[in-house]
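I am opening a notebook on a structure that is new to me, and I want to write down what I looked up, one place at a time.

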Amino acid sequence: MIYYDESGKIFLLSGKNYSYAMFVNKYGFLQHLHYGSKISESDAVWLAGRIGKAYQPDCEGNNTDLDIDNMPSECGFAYRGDFREPTVVTERADGASMSRYLYASHKISEGVFEPSGLPHARRGDKTLYVTLRDGFSDTEIVLYYTVSDDSDVLVRGSVIKNAGKTALKLKKAFSFCTELFAADWKLLKLEGNWVAERSPEITDLGHGVTKIQSLRGASSHQMNPFAALLRDGADEFSGECYGFQLIYSGSWAITAERNNINQLRIQGGVNDFGFCWKLGAGESFHTPQAALCYSSEGMGKLSREYADFIRERIMPPAHAFSTRPIVVNNWEATYFDFNNEKLFAIIDESAKLGIDTFVLDDGWFGVRDSDRSGLGDWVVNEKKLKGGLKAVIDRCKSKGMKFGLWFEPEMISPDSDLYRAHPDYAICKKGTTPVYGRNQLCLDLTRKEVRDCVVEAVSKVLRENEISYVKWDYNRDLADMYSESLPADGMGEFTHRYMLGAYDLFERITSAFPNILFEGCAGGGRRFDAGMLYYFPQIWTSDNTDAVERTRIQYGTSYCYPLSAMSCHVSVCPNHQTGRTVSFDTRGAVASLGSTGYELDISKLSEQEKQKVKKQVEDYKKISDLVLSGDLYRLCDPFAGDRFCEMLVSKDKSKAYIAGVLTSYLPRRNSSHLRIYGLDENKTYKITETGECVSGKVLAAAGIPFRELREYESFVYHIEEVKKK
Ligand code: DGJ
């Protein structure tokens with residue numbers, strides 16, 4: 001719902017449980033009024049009069065013009081009295097960068113705005129477009145806000161236009177800016193590393209600017225493009241929380257600036273470090289979108305809202321809710337060292353156990369027996385695979401299985417035919433030694449001919465073979481930000497243009513093969529973000545497949561992404577990353593909390609383990625609907641103590657699934673109860689594993705003992721409503 005009060009120039013946007021209000025103050029600034037719980041139209045009018053006036057600057061009289069510094073703003077500007085970090089910065093031909101963006105007009109339209117070449121919210125009820133103008137710099141900014149009655153996510157973005165007659169340099173172009181009033185704010189960010197992605201870290205927000213970012217050309221292992229603000233002691237289950245998530249996969253930044261009257265400006269978008277975009281007369285720049293979310297019921301509710309938003313409005317609709325294949329992937333089973341016999345053995349055994357898709361990972365193409373060569377040569381290596389891909393696909397088909405294939409299309413090995421033919425396709429400034437990552441270079445996707453070459457090579461393989469699944473990998477960060485195709489004063493566009501080029505690749509290839517399920521991957525979770533999920537409905541969550549480590553990685557990832565987005569596999573023990581050994585049951589329990597699969601040599605399992613795989617596959621099929629569309633309740637935080645537990649509940653609360661792990665043995669804490677929040681307190685449920693019938697009320701109020709588990713042991717409960725006769 002979007003309401004506009006003409007007399008006070010007040011905008012009130014309302015979603016399912018939140019409102020967002022702003023007004024045009026008497027000097028023409030678009031001033032922020034409220035973001036939080038739902039308010040009425042008359043409340044918004046009152047707010048404009050009280051809060052609005054209280055924070056309105058005094059731009060009249062002697063030098064009080066500088067008094068804009070405390071004004072809660074929807075778009076910060078540079079050098080004209082707003083001394084906080086700006087949202088948009090332009091520079092004119094004469095070098096002047098000062099600006100003041102004032103309200104010019106607005107309109108309200110049905111549906112969403114689709115930024116050109118960028119992933120975006122696919123649907124929404126209504127969009128408010130507010131046009132701001134600055135006459136001095138001749139900049140026009142259209143801020144847009146998409147609301148939906150059935151969602152707590154507010155989508156924001158902007159279009160920045162050079163409305164003048166001479167070129168402008170756009171030096172900062174954030175996607176959103178909003179302000180929150182004084183409170184005890186805590187910042188939750190998802191920091192990490194390779195094999196340790198997305199660990200929640202909660203810190204105080206002191207005065208000044210707190211910045212989280214990636215400068216790696218990818219959203220990054222190290223910091224996810226997401227921040228949450230927790231108000232006055234809010235936690236998992238209660239209190240007010242705000243989420244800020246970028247629908248973007250390249251270099252990004254989010255800043256939270258607490259000023260000296262404790263107001264908080266939070267904003268974010270494309271990283272402004274080194275960014276400089278030339279805007280010719282009449283040209284526009286579309287920012288990536290940001291998804292803001294409000295919850296008055298703690299982080300748990302915030303995550304459930306984001307999960308619905310991503311499944312319903314971001315992921316490719318044809319795949320978002322369709323049953324995902326249960327895959328077996330040969331990477332940890334064979335690495336580069338495979339042949340027909342080894343693969344056939346995995347396929348044959350997997351088929352017997354009910355696994356539906358075999359995924360052939362790295363090493364099937366060019367000359368690729370290690371990570372030192374072959375990337376770019378997307379032609380099967382028939383010396384390694386006798387009869388080519390067809391032989392493997394035929395084997396899968398003969399066993400009733402489907403086939404998936406690994407690519408790393410954005411990369412090139414210096415030792416490859418592609419490099420020998422087109423060394424200039426690699427990102428590398430002539431005269432320098434390029435920065436290598438995993439012995440490889442990135443392709444210059446800012447160039448159309450390079451993208452065309454990749455599209456053709458990958459499409460040829462997909463056209464000529466029966467492939468139902470693609471794993472799209474990306475194993476290094478971007479460096480040497482330079483392209484021969486850009487003018488000397490255009491290098492500030494490089495990093496964002498790389499991402500636009502990558503999105504162009506994703507769009508062209510995924511739309512040409514709509515029946516293929518494309519899984520994203522980037523050395524595990526280097527690019528786990530809403531931008532990628534627009535093309536890839538699931539992403540390989542981490543290269544760390546240790547079940548205990550995975551409880552933490554998957555827990556952190558679930559703050560803003562649905563479980564179906566996480567590709568989670570059972571692997572062999574001792575685990576290849578950590579050396580830890582945990583039971584097959586625990587590995588299965590953790591991998592069941594996502595799009596599940598196996599990452600080991602099935603043919604080498606004992607008969608008992610094979611039977612466990614068979615049972616896990618059968619059990620997973622019973623709960624896959626919950627993974628695809630259920631609500632997640634994080635019951636125990638593995639970062640906070642000795643245990644992990646998550647529950648998935650169907651929307652109608654008739655069915656649930658719980659998986660828990662004792663992640664470390666701390667004797668005195670092992671007996672406490674697990675309170676089960678999220679079921680219907682008025683319903684009675686049966687726990688299949690124990691045979692108990694119990695009310696949702698007592699499960700929430702008192703809970704169950706966290707069973708007497710030994711270290712690394714786990715449990716799963718399948719829960720069904722007992723219908724009244
Ligand atoms: C990194 C991925 O995360 C792994 O799963 C595997 O596909 C390797 N790359 C292959 O090189």
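The entries below go from the ground rules to the ligand, then to strands, a helix and salt bridges.

**Ground rules.** I note that this is a predicted model, in which local features need pLDDT of at least 70 and side-chain atom pairs count only at pLDDT 80 or more, while totals for chains, interfaces and linings use all residues. Residues are numbered from 1 along each chain as its sequence is written, and side-chain values use heavy atoms, with hydrogens and water left out.

**Ligand.** I looked up what lies around the ligand and found 13 residues, the closest being Asp361, Asp362, Lys471, Asp473 and Asp543; a residue is counted as near if one of its heavy atoms lies within 4 Å. An oxygen atom of the ligand is 2.7 Å from an N or O atom in the side chain of Lys471, and a nitrogen atom of the ligand is 2.7 Å from such an atom in the side chain of Asp473. For the side chain of Asn475, I noted a distance of 3.4 Å between one of its N or O atoms and a nitrogen atom of the ligand.

**Glu408.** I then turned to Glu408, which sits in the loop between strand S23 (402-407) and strand S24 (411-412). Helices (H or I, at least four residues) and strands (E, at least two) are DSSP runs, numbered from the N terminus.

The side chain of Glu408 does make a polar contact, at 2.7 Å, with the side chain of Gln440, and one of its polar atoms lies 2.6 Å from the backbone nitrogen of Asn475. A polar contact is a pair of N or O atoms within 3.5 Å; within protein, one must be able to donate a hydrogen and the other to accept it, and residues adjacent in sequence count only if both atoms are side-chain atoms. Leaving aside residues up to four places away in sequence, Glu408 touches, among others, Arg368, Trp378, Asp473 and Tyr474, where contact means heavy atoms within 4.5 Å.

**Strand S35.** In a regular strand the side chains alternate between the two faces of the sheet. Two strands pair if DSSP finds at least two bridges between them. The two form a hairpin with five residues between them, and Gly691 in the turn has a positive phi of about 80 degrees. S35 also pairs with strand S38 (residues 714-721), antiparallel and over three bridges, and Lys686 stands opposite Glu720 in S38.

**Strand S14.** Why is S14 (residues 223-231) largely enclosed by the rest of the structure? I found that eight of its nine residues are buried, so the strand is largely enclosed. Six bridges join S14 to strand S11 (residues 185-191), running antiparallel, with Leu187 opposite Leu229. Five bridges join S14 to strand S15 (residues 241-247), also antiparallel, with Ala227 opposite Phe244.

**Helix H11.** Nine of the eleven residues of H11 (residues 547-557) are buried, including Arg550, Gln554 and Tyr555. At its start, a side-chain oxygen of Asp546 reaches to within 2.7 Å of the backbone nitrogen of Val548.

**Salt bridges.** My search of the whole structure found 64 salt bridges. One of them joins Asp82 and Arg265, whose closest N and O atoms are 2.9 Å apart. Asp82 lies in the loop between helix H1 (41-55) and strand S5 (88-91) and Arg265 in strand S17 (residues 264-270), so the pair ties together parts that are 183 residues apart in sequence. Both Asp82 and Arg265 are buried.

Technical notes
Buried means under 20% relative accessible area, exposed over 50%, partly exposed in between (1.4 Å probe, protein chains only). A salt bridge is a side-chain nitrogen of Lys or Arg within 4 Å of a carboxyl oxygen of Asp or Glu.
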